[in-house]
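Have a look at the picture first, and then we'll go through it piece by piece.

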Amino acid sequence: MTFDLILRNARVIDPGQGLDEVHDVAFTGGKVAAIGKSLPGEAREAKDLTGYILTPGLIDLHTHVYWGGTSLGIDAEDFARTTAVTTAVDTGSAGPGNYPGFRKHVIEPSAVRILAYLHVSFAGIYGFSKRIMVGESHDPRLLAAREAVEVAHSDPKNIIGIKVRIGRHASGPTGIDPLVVALQVADETALPVMCHIDEPPPSYEAVVDMLRPGDVLTHCYRPFPNSPLTGDGEVKPALLAARERGVYFDIGHGMGSFSWKTARGMMDKGFPPDVISSDVHALCIDGPAYDQVTTMSKFMPLGMSLYDIVRASTEIPARALRRPGLGSLKPGTEGDASILSVRQGDFALEDVLGEVVKVKERLFAEGCIIDGKWFHQSEGLQS
Ligand SMILES: [Zn+2]
């Protein structure tokens, strides 16, 4: 058989198939066609990836890519070039009042796959910039349950869940009430919720207690206040109960939500994140979050294996999205793949409080395949 593209001799890490070994992966007609050792067959294009890591297309479960339509948006295609993300999940940049523009002007023209959690607040995250910061959940008049249901039903291909932001900054005077509305929309549409948590009130426990199996709590490793740990370093019991019933815990690094202290405490207590995501937006893309491979690299000195780090950006987020065609290199799935390298050197990784951890190795993005075609190759790969 003749494949469109074959990538040979990469270290393939595909936790969805329990795989971490040197394999070839072939693509045809936009899908993964075959995977195995020394695959027989011809290909229109073949590339030797000896020394590189090949993973299912990375999913960044928390991004803001409504570029131009919201002040916090970044360009998804530029982002994919620097970080090998093939699926950028936008979390609530748009609400029902401005989602059609996001779909028409950003999602549909994009080569990078974009999926969306639709915000329950009418205009999404509309007031987020360096000098203007207005929480979109402050005013209950903006909580748009009926409109969110209509818009979610209008685009099941791209809308995979409902977003809401809760905390002193995002919801302020309305407290936890916007989550009540988001959960009703989620129930009515049979979609999961992704809930953001910032400073109290309300408490981390009050928020996580309301989440259902399949819902996502983002910013799970945030610093005090509303840290997931108690003052004496124990994981708060509400988190253990939530994990037990199937709530996903997502990093959502951003500019305020990843602290080394919290991360060390949580990893020491055996509570790794389910999903690693960057929460990249206009105010954190130049640090401290930067991108998805930098966020993933922060889990290497925390003792998480590369296999589990890749799992937290492929298999598990695909499950949270309910998209079995993503996050895997099984034949027949979407033809998305990411090429990474681990490089040695002197690197500094900062958290949102300014603590810097010096490391001797980290991940780099080398390229990605989307729909079975090259989307980007680093200079090293082209030579
Ligand atoms: Zn965010």
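Is C195 buried or exposed? C195 is buried, with a relative accessible area of 0% (buried means under 20% relative accessible area, exposed over 50%, and partly exposed in between, using a 1.4 Å probe and protein chains only).

## Before we go on

This is a predicted model, where local features need pLDDT of at least 70, side-chain atom pairs count only at pLDDT 80 or more, and totals for chains, interfaces and linings use all residues. Residues are numbered from 1 along each chain as its sequence is written, and side-chain values use heavy atoms, with hydrogens and water left out.

## The overall picture

The protein comes to 11 helices and 17 strands (these are DSSP runs numbered from the N terminus: H or I with at least four residues for helices, E with at least two for strands). Its C-alpha trace spans about 60 × 45 × 40 Å along the principal axes. A compact globule of 383 residues would have a radius of gyration near 21 Å, and the protein agrees with its 20 Å (taken over C-alpha atoms; the globule rule is 2.2 Å times the number of residues to the power 0.38).

Of the 383 residues, 60% are buried. Take the contacts with a separation of 6 or more: 73% of them are between residues 24 or more positions apart (contact means heavy atoms within 4.5 Å).

## The sheet and its helices

Now find the open sheet of 7 strands, with parallel pairing and the order β6-β7-β8-β11-β12-β13-β14 (two strands pair if DSSP finds at least two bridges between them). β6 (58-63) and β14 (248-250) stand at the edges with a single partner strand each, so one side of each has no neighbour in the sheet. On average, neighbouring strands here are turned by 25 degrees against each other, direction ignored (axes are lines fitted to C-alpha atoms, for helices over the stretch in contact, and angles run from 0 to 180 degrees between N-to-C directions).

Zoom in on β7 (residues 85-91) and β8 (residues 113-119): they run parallel and are joined by 5 bridges. In this pair, V89 stands opposite L115 in β8. Helix α2 (residues 99-107) packs on the sheet, touching β7, β8 and β11 (159-166), and its direction makes about 170 degrees with that of β8. Helix α4 (residues 177-189) packs on the sheet too, touching β11 and β12 (193-197), with its direction at about 170 degrees to that of β11.

H62 is buried at 1% relative accessible area, and D279 is buried at 6%.

## Back to the cysteines

A disulfide is a covalent bond between the sulfur atoms of two cysteines. The count here comes to 0 disulfides (the rule asks for a pair of cysteine sulfur atoms within 2.5 Å). For C195, the nearest cysteine sulfur is that of C220, 12 Å away. The sulfur of C284 is 16 Å from the closest cysteine sulfur, in C220, which is too far for a bond.
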